[in-house]
Amino acid sequence: MKNKKLTNWFCLSGIIGLVFYVLHDVVGAMHYPDYNWMSQAVSDLTATTAPSFVIASGLSSIYGIFSCLCCAMVCVVVQGKANRALRLGVYLFTTMSFISAVGYALFPLSESGYAGSFRDIMHLYVVTALVVVLSIASLVLIAVGGFKSKVNKPLAVISLISLGFMFLGVIGVSVVPADYFGIPERFSVYSAVVFTAVLGVYGYLEREGYNND
């Protein structure tokens, strides 16, 4: 504890971000009459016409700040310590976090579901596409780099679990009935959010052996 730097402590902001993301989901739903989390996407809560827009988008923005801060600090921690694959994975995951935070704030859904407006197109086909591609690439690289070192194997396993939930969500939204769309959709969304918190704990611990190839 005494040897922890301020950078390490800032890594724990990922846990705070996770709390605010859950709050944006739960509190947002409380301010959205007739919202059904089992059938509706999380992003419906921050749609500009949603009754929960103000409170949900506010909490989501706070989440974005803390998640980006966490990932940026982890980048500092692994610099020159973790192997190349793991570092690149962390850098890509950080890029994904910034694109997610900025992109979804700039292009929220115009209304619940998909209305086909320019904002909706940017939200779904640009921001979401980039987030998904970068998430998959970063988690794979973190797993590859993590398995190269005994110290980092737990992180590698967790990254594969997160990747599994992400794929489960992507497949699930296309096969489950519309009444249950929100369940697998949350598998994908929360896999990245929870992994950010895990990455923050990893950055906080910063033990010897991170540089083992």
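This is a predicted model: local features need pLDDT of at least 70, side-chain atom pairs count only at pLDDT 80 or more; totals for chains, interfaces and linings use all residues.
Local features need pLDDT of at least 70 and side-chain atom pairs count only at pLDDT 80 or more, while totals for chains, interfaces and linings use all residues. Residues are numbered from 1 along each chain as its sequence is written, and side-chain values use heavy atoms, with hydrogens and water left out.

**View 1. The largest pocket and its centre.** Welcome to the largest pocket, with a volume of about 1200 Å³. A pocket here is an open set of points on a 1 Å grid over the protein atoms alone, where a 1.4 Å probe fits, with protein on both sides within 12 Å along at least five of seven lines. Points are joined across faces, edges and corners, and the volume is the space filled by probe spheres set on them. The lining holds 43 residues, each with an atom within 4 Å of a point. Nearest the centre lie Y104, H123, T128, E185 and V189.

**View 2. The helices around the largest pocket.** Two or more lining residues come from each of α2 (13-30), α3 (53-78), α4 (84-106), α5 (118-146), α6 (153-175) and α7 (182-205). Helices are DSSP runs (H or I, at least four residues), numbered from the N terminus. The largest share, eight residues, belongs to α3. By type, the lining divides into 24 nonpolar, 17 polar and two charged residues; Ala, Val, Leu, Ile, Met, Phe, Trp, Tyr, Cys and Pro count as nonpolar, Asp, Glu, Lys and Arg as charged, and the others, Gly among them, as polar.

**View 3. An aromatic cluster of Y21, Y63 and Y190.** The whole structure has eight aromatic pairs (ring centres within 6.5 Å; edge-to-face means planes over 60 degrees apart). Y190 sits in helix α7, 169 residues from Y21. Both Y21 and Y63 are buried (under 20% relative accessible area, with a 1.4 Å probe and protein chains only), and Y21 and Y190 are both buried.

**View 4. S138 in helix α5.** Have a look at S138, which counts as buried at 0% relative accessibility. Its side chain reaches the backbone oxygen of L134 at 2.8 Å. Leaving aside residues up to four places away in sequence, S138 touches G89, L92 and F93 (heavy atoms within 4.5 Å).

Technical notes: Rings of Phe, Tyr and Trp (its six-membered ring) pair if their centres lie within 6.5 Å; planes under 30 degrees apart count as stacked, over 60 as edge-to-face and the rest as tilted. Buried means under 20% relative accessible area, exposed over 50%, partly exposed in between (1.4 Å probe, protein chains only). A polar contact is a pair of N or O atoms within 3.5 Å; within protein, one must be able to donate a hydrogen and the other to accept it, and residues adjacent in sequence count only if both atoms are side-chain atoms.
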